[in-house]
Every structure is written in structure tokens, then in C-alpha cells.
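Please examine the sequence and the structure shown below. The paragraphs that follow lead through selected features of the model.

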Amino acid sequence: MAEVPPGVKGMNDIVAPEAWKWQFLEQQARDVLEAYAYSEVRTPVLEYTPLFVRSVGEVTDVVEKQMYTFDDRDGKSVSLRPEGTASAVRAYVEAAQWNKDPVTRWYYIGPMFRHERAQRGRLRQFYQVGAEVFGSGEPSMDAEMIAMIVTMLARFGLDAGALEVTVNSLGEPDEREAYRAKLVEYFSAHQDRLDDDSRRRLGTNPLRILDSKNPEVIAVAADAPKLIDELTEASRARFARVRALLDTLGVKHRIDPGLVRGLDYYTGTIFEIKTTAGELGAQNTVAGGGRYDRLVASLGGPATPAIGFALGIERALLAIPDGAESYEPALAVFFAPMHAAALDFALPIAHRLRDKGIRIEIEHRASSKPGKMLGRANKLRARAAVIIGDNEIASGNLTVKDLATGTQSEVAVADLESKIRQLLD
């Protein structure tokens, strides 16, 4: 046999039964999002690189270290999308969406790409459920979005007690700039305890030091000034309103003063949701997001308040307790034709029933024995088996075996659909 070309590291195949669990999660996400009046948007996976540099931030880890960037055949720099918000904002601006709807609610489900060390719950091609709201700057929108994500996770099967919702406020850009100066002053006095990455960030993006995973840096950051202490009364009041509305919606949460998120476009409310459920280990953040009220204008649109989130599908799947096999839909009927003529007889019958939405598998291998076919029907968790041989072809009455009870009955072809539905009920 020829050598199989390997798949790209960190970019995985998804096959049954895992694919059934993916479909369950995606459908639950769609149901929740559409209940909140979001509409789907589909953006390309490939964008011109400046879109991400200008929106995500030139000195972020995503842009500096993780993007898949290359020149296309026209010599223009393009990148596989590392996140969904920038593409959604570009689509919003190009469509002049504000002229069509004062408030736009979009959601998307699809792959993102970051070249980082592949590990459990963190892949190079990973999938997200995301949503963006353009045109509403109300604190109630912040609270509604966070509560919606908690509802979505509950629909996935995650217990509320296994979730931790953390919130923070980054304030307005001028507040953050004043805070940045204090942060630089503090960390400059402790440079000997910072790693190389944090020393570099000191001159470019000091807020990112707060997000370091280095234990020594975390210890230094614990005593750093808190951004929330630098907010104006207006920003504090807005953040308090968000928290009060979360309480009204029954969302337990806490303030995390060190929460900064990894992208430059955030302003005001930011949030993360972690879970202790499943097999995530240290990588237990399943969703996060926040407000980005300056991004639309920075990419050529009018001043537009906006907020969004992204939920990692792989991480959510690892947190869901049930195994993938339990999500595979049961087979309604297994057709077991005894020979080639019986297969020819069975095919149009199965075709008509499938057209009515009945899930059917039919055995096409002429050499299969009756016992082997019924064994496969049981393995597929079929509710019934339809056995077709010479007698069934001659009489027009099919042998239907109830695989739950083991009983058999003869059913006319015209009555087969009603018999199957009776068994399924």
C-alpha cells in the first residue's frame, strides 16, 4: 500500500460518532441564538492581513506569533482568520449595514486558525460559535449576551454549578491610557522578576502582562494597580448596571480585575466563562468576549457601539459529560434483502420512506447472511428490520421484525410507513 500523506498537525478530522455530538452542539447553539433574534453571517476564512493587524492589534500574540499569513499569487498578504469579529465587522462596514437595520445581530459557526502549540482543547484549526451585535451600547445588551451564553451552555448539558462567569471593565480608551502609564511604572520597578515576553510587552502592550501564564509574573501582577480603580464614575456606574442586570437574570458572576482578554479592540465590559466540567484541565475557558465600541469606526464605518463573544466548540465538547456515541441518532429501519432480486424490490420502497423523513439503512452486499444482517441492524440500534425474500416479493407482504421485542409480523407494502411510525412512537 502507498504511504498515506499525514494530516496537518493540530488540524483534525471529525468523523462519526464524534460528528453527531458536534451536530448536537451546533444545533443547540443555533436554536438559542435564533431565539434571541440573531441571523447567521458567513464570512470567508481568508482575509487581507491588514484587517487583523488593524483590528486585533499589531502587538498581540495573535498577530505577532499565531497567524497563518502568506502572499497570494497577486503578491498581496493574506491570512487565515484567527478569530471571527474582525471579519464580521468588515462585512458590516462593506454592506453599510447600519442603513438597513439600526441594530444588527449576527452569529457564525466555523473554523478559525492559529499556529500555536497543539494540545488538548487548543488546536491550530479550531471551531467557534460566535455572535456580534452592532448598534446597541446599552448595558442591558452586555448582560443579555452573557446570560444567553450561560443558557447555551446549559442547553449543551453543562450544569450551572460547573460554570464560573467572570467580568471586568476596561473602561474608555483615555481611562485605559492613564492606567497603562501606572502599569508601566509598576512593572518597570519589578523588571527583574519579569520574563522576556513580559519585558517586551512593557514597551508595547503592558496590559497583556496581566494575562501571563508564567507563575513568577502572575505573582508580580497580583499586586499591580487595578484598572477598575482607575475608571471614571460614569464607567463605574455603567459596569455596576451590567452586574445588577446579571443578578436580575440569575447569572452568578464575580469581578476579575486581572481579566484583560487578548485582543486590542475591547472597550468597556469584558467577560469569560470557565467550567470545571469534563476533561479540559487548565484550558477551561469555554467562552469569552466583550464590548468593542471603537472598532467599526476604526475600520471605516461610522461610530457604532458593538459587543460580541466567541465560544470554543472543541472545549465545550470536552466539557460535555456524555460520550459521543449517545448522540448518534437511532436508525429507524434496517432493510435486509436476501438476494439481488430482493434488493431491487426493496430499493424503491426504502427510497419512498426516506423521502418521508424515515432514517433507513439498506444492505447492498448480496453475500450477507440473514443472521449477519440482523446483527448489524442491532449494532446500528435500528428499531425494526424489514426482511425481504422470495415469499415477500411474491405476496407483497413484508416481514417486519420488532428488534426491541423480537416479534415478527407481515405488513403490506402500502401499510409499511404506518407500521414503522407506530413502532417509533
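Tyr92, Trp98, Trp106, Phe134 and Tyr292 make up one aromatic cluster. The model is predicted: local features require pLDDT of at least 70 and side-chain atom pairs count only at pLDDT 80 or more, whereas totals for chains, interfaces and linings use all residues. Residues are numbered from 1 along each chain as its sequence is written, and side-chain values use heavy atoms, with hydrogens and water left out.

A pair of aromatic rings is described by the distance of the centres and the angle of the planes. Here, rings of Phe, Tyr and Trp (its six-membered ring) pair if their centres lie within 6.5 Å; planes under 30 degrees apart count as stacked, over 60 as edge-to-face and the rest as tilted. The structure holds eight aromatic pairs. In one of them, the ring centres of Tyr92 and Trp106 are 6.2 Å apart and the planes stand at 80 degrees, so this pair is edge-to-face. Because Tyr92 belongs to helix α4 (residues 85–94) and Trp106 to strand β5 (residues 104–113), the pair ties together parts that are 14 residues apart in sequence. Helices (H or I, at least four residues) and strands (E, at least two) are DSSP runs, numbered from the N terminus. Both Tyr92 and Trp106 are buried, a term for under 20% relative accessible area, with exposed meaning over 50% and partly exposed in between (1.4 Å probe, protein chains only).

The rings of Phe134 and Tyr292 also form an edge-to-face pair, because their centres are 6.4 Å apart and their planes at 80 degrees. Phe134 lies in strand β6 (residues 125–134) and Tyr292 in the loop between β10 and α10 (295–298), so this pair ties together parts that are 158 residues apart in sequence. Phe134 is buried, with a relative accessible area of 0%, and Tyr292 counts as buried at 1% relative accessibility.

Why is strand β10 (residues 285–291) largely enclosed by the rest of the structure? Seven of its seven residues are buried, so the rest of the structure largely encloses β10. Strands pair if DSSP finds at least two bridges between them. Strand β9 (residues 269–275) pairs with β10 in the antiparallel sense over five bridges, and Lys274 stands opposite Thr285 in β10. Strand β11 (residues 306–312) likewise runs antiparallel to β10, joined by five bridges, with Leu311 in β11 as the bridge partner of Ala287.

In helix α15 (residues 416–424), the buried residues are Leu416, Ile420 and Leu423.
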